[in-house]
Structures are given as structure tokens and as C-alpha cells.
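Here is a short briefing for a first look. Start with the view below, then read the points by topic.

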Amino acid sequence: MRTVITMQGMPAQTMESRLISKGREKNITELKSPLVNMKIVRNGDQLSITDLKTGAVLPSQTAPQTAVPDINQGMGSAEDYLAPAKEGNLWRLSPKDPAKATLFYSEELKRVVKIQHTVQPGVYSETNIKYCDKTCSFPGTPVSIEIETYVNGQAASKVLLEIISIQKVSSLSDALFAIPKK
């Protein structure tokens, strides 16, 4: 994955990350940027962090897993929205509660492709999601998510997350996720 963060008046910051997982309990995350260069190994509640520049390994620690939020829960259910209205080639789903986000649904993709949200008065965000088509390994998987934030109508920040490569491997050794004993 590549994440690029752009803030008004500042140079863009880029971070590359790589994730290898085996089920929900075991994963390895590598983060590389000008500021961070580390490898995090999680095996159940055990966590190990290695600085990839120096090779230094922090003492392993217990870090209970946190539940990954389900984006669908944040969208609510059909009862939370007014009747869909056609807007261009998308269906606009306006929430009954004005504090909630407006969703834009593509009938062709059968996915939400845009989310608009007023964060607070004068602060607005728009998220655009692009999905992998039938030609890729994981059709329907997001390949890019772009979040733009505006303050008083002016662009303030942009976060672009791109999936560069994704693949499924049928077997990974448990030794790959071993936590060093220190």
C-alpha cells in the first residue's frame, strides 16, 4: 500500500506499507517513510517491533487486539436514509440525521463509491473509493481511497491510499510470526 498525505502549504508525505496476515490473529506490518521504518509482528496478543534502520528490537509486549471497525456499521442501514435520488450515474442516499454522511451508490458496481460528510460547521470531507474490477485477483476490493477535507470551502488536506499489489498465498509458516523472547 502507498499512502500519500498532502496538507495545504506543506510538502506531501508518503508512506509505503506491507501487510502479511494469517487469519485474524497473526500479521506482519512493515512501514517505510522518511520518518518511520519499522516492522511490527503480531501473534495473538503478543507484539514485537523492530526498527528496520538500526535492527533494534523493542522488548516484546502484550497488546490486546482491538476490533477492526466495520465500515458498513458506520453507514447504518436502509432505514437511516431517505429515498434514493438519482444524481448523474449514481444514487444519492441522504441520511435522515444531518450529522451522518451522504452516500453515493453505483448500481453498476453495486458499491458505495463516494461519501460526503460535514464534520463540523465549515469543515467538510469527501471520500472517493475505486474498486478492483473483474480482471484483478480480488474483484470488488478497494484499490484506492481518496479523502479530501475542506475548511471554509478551501482544500485543507488530502489522503490517498492506494493498494499497489494484493495476492493470496495458500500457506504461511507459523514461524514467520514468531515473537522473539526477551
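Helices (H or I, at least four residues) and strands (E, at least two) are DSSP runs, numbered from the N terminus. This is a predicted model, where local features need pLDDT of at least 70, side-chain atom pairs count only at pLDDT 80 or more, and totals for chains, interfaces and linings use all residues. Residues are numbered from 1 along each chain as its sequence is written, and side-chain values use heavy atoms, with hydrogens and water left out.

**Overall build**
- Along the principal axes, the C-alpha atoms fill a box of roughly 60 × 40 × 30 Å.

**Burial**
- Of the 182 residues in the chain, 25% are buried.
- Buried means under 20% relative accessible area, exposed over 50%, and partly exposed in between (1.4 Å probe, protein chains only).

**Ile-5**
- Ile-5 sits in strand E1 (residues 2–7).
- Ile-5 counts as partly exposed because its relative accessibility is 37%.

**Two loop residues with positive phi**
- Lys-110 lies in the loop between strand E9 (102–106) and strand E10 (111–120).
- Its phi is near 60°, a positive value in a residue other than glycine.
- Lys-110 has 57% relative accessibility, so it counts as exposed.
- Asn-152 is in the loop between strand E12 (142–151) and strand E13 (154–162).
- Asn-152 is not a glycine, yet has a positive phi of about 50°.
- Asn-152 is exposed because its relative accessible area is 65%.
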